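Reader: I would like a close look at one part of this model, with the terms spelled out as they come up.

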Amino acid sequence: MGKEVNGVSRSRFEMFTNSDEAVINKKLPKELLLRIFSFLDVVTLCRCAQVSRSWNVLALDGSNWQRIDLFDFQRDIEGRVVENISKRCGGFLRKLSLRGCLGVGDSALRTFSQNCRNIELLSLNGCTKITDSTCNSLSKFCPKLKHLDLASCTSITNLSLKALSEGCPLLEQLNISWCDQVTKDGIQALVRSCPGLKGLFLKGCTQLEDEALKHIGAHCPELVTLNLQTCSQITDEGLITICRGCHRLQSLCVSGCANITDAILHALGQNCPRLRILEVARCSQLTDMGFTTLARNCHELEKMDLEECVQITDGTLIQLSIHCPRLQVLSLSHCELITDDGIRHLGSGPCAHDRLEVIELDNCPLITDASLEHLKSCHSLDRIELYDCQQITRAGIKRLRVSCVG
């Protein structure tokens, strides 16, 4: 064993000294070191870059910076940091997340777009400084862009969508949630030029009406995920067009769209057999009749949010228990007509034994400890919510907990 230098053996000290003749640099070829560095996160790479001149070159090699997530450093990231990263990474960079980086604006993203022309995934979620100018830059320099997240970038308008339609034809997923200046004109321009769209997140785009949905239904045959939460102006007319034109749809959120009726559930059942996720919270016009059609035709349903669908009864649960064996998450909060009998059917259905993980029953006043007994057969049950279920007792909860642990 070599002599110690401040408690570290000389051989180990020499291996990590800042001399480029260190043992590790002699023993391992640069190609292998570069491969090792490719598995490191941003912080570790930066630390490695300070070890020696040769490690600095290897750690900062663009091939190690194909995927960067700066969310953990969002408070410290300013425009110049993004510009420096873009110059370092250049064409190597494929994925960048600037989520929550409030200090980043249009100028930095223009430099980024010019330097990183192979970018495929870009998250600007919550970067509230950016405007349509950023989308113009992306359109001009980043033709390979596939995933773009602009959620909460409230200065974004139809001009951004028109720019993206002109320069980013490969776009597959776009999140413009809470960009409430967007209207049907922007949506029309986008979907006509981006036929491969698979995911559209339009939550809180409150100006969107049925006309926008008609454009989506006519031009997005590959659509898999659509979020229209709180787009309160949409009605059955627009959504039926979506169902008829987007047969691959697997996830639909229309929570807070109070105008929709059972006609939507019928349209989904008739046109979208691959549906896995349906969120219809606060859609108070939906009834057992609509959910019966849905359950009998959409057997791959895994997650359903039916909170405040106040008209549904045990009839809906009976149909789900029979026809939806893959059900994992079910929210029935504030469905005040649900009783122990509905939970009994659910607990004896095929989803109960291996699939059902979460059931929410907050403010279901007719639920009693008997429901908890029926849920003992749900071996995968991970969470049950029972706030303000006045007939549920501590003893009933304890018996269910003992059964689940056992």
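Where is tryptophan 178 found, and between which strand and which helix?

Author: Before the answer, please note that this is a predicted model, in which local features need pLDDT of at least 70 and side-chain atom pairs count only at pLDDT 80 or more, while totals for chains, interfaces and linings use all residues. Residues are numbered from 1 along each chain as its sequence is written, and side-chain values use heavy atoms, with hydrogens and water left out.

Tryptophan 178 is in the loop that joins strand 7 (173–175) to helix 10 (184–193), where helices (H or I, at least four residues) and strands (E, at least two) are DSSP runs numbered from the N terminus. Its phi is near 70°, a positive value in a residue that is not glycine; most residues other than glycine have a negative phi. With 38% relative accessibility, tryptophan 178 counts as partly exposed, a class that lies between buried (under 20% relative accessible area) and exposed (over 50%), computed with a 1.4 Å probe on protein chains only.

A positive phi, of about 65°, is also found in histidine 334, which is not a glycine. Histidine 334 sits in the loop between strand 13 (329–331) and helix 16 (340–348), and its 26% relative accessibility makes it partly exposed.

Within helix 7, Asp106, Ala108, Leu109, Thr111, Phe112 and Ser113 are buried, and their cover includes helix 6, strand 4 (95–97), strand 5 (121–123) and helix 8 (132–141).

Turning to the cysteines, the structure holds zero disulfides, a disulfide being a pair of cysteine sulfur atoms within 2.5 Å. Cysteine 205, which is buried with a relative accessible area of 0%, has its sulfur 5.7 Å from the closest cysteine sulfur, in cysteine 231, too far for a bond.

Methods. Contact = heavy atoms within 4.5 Å.
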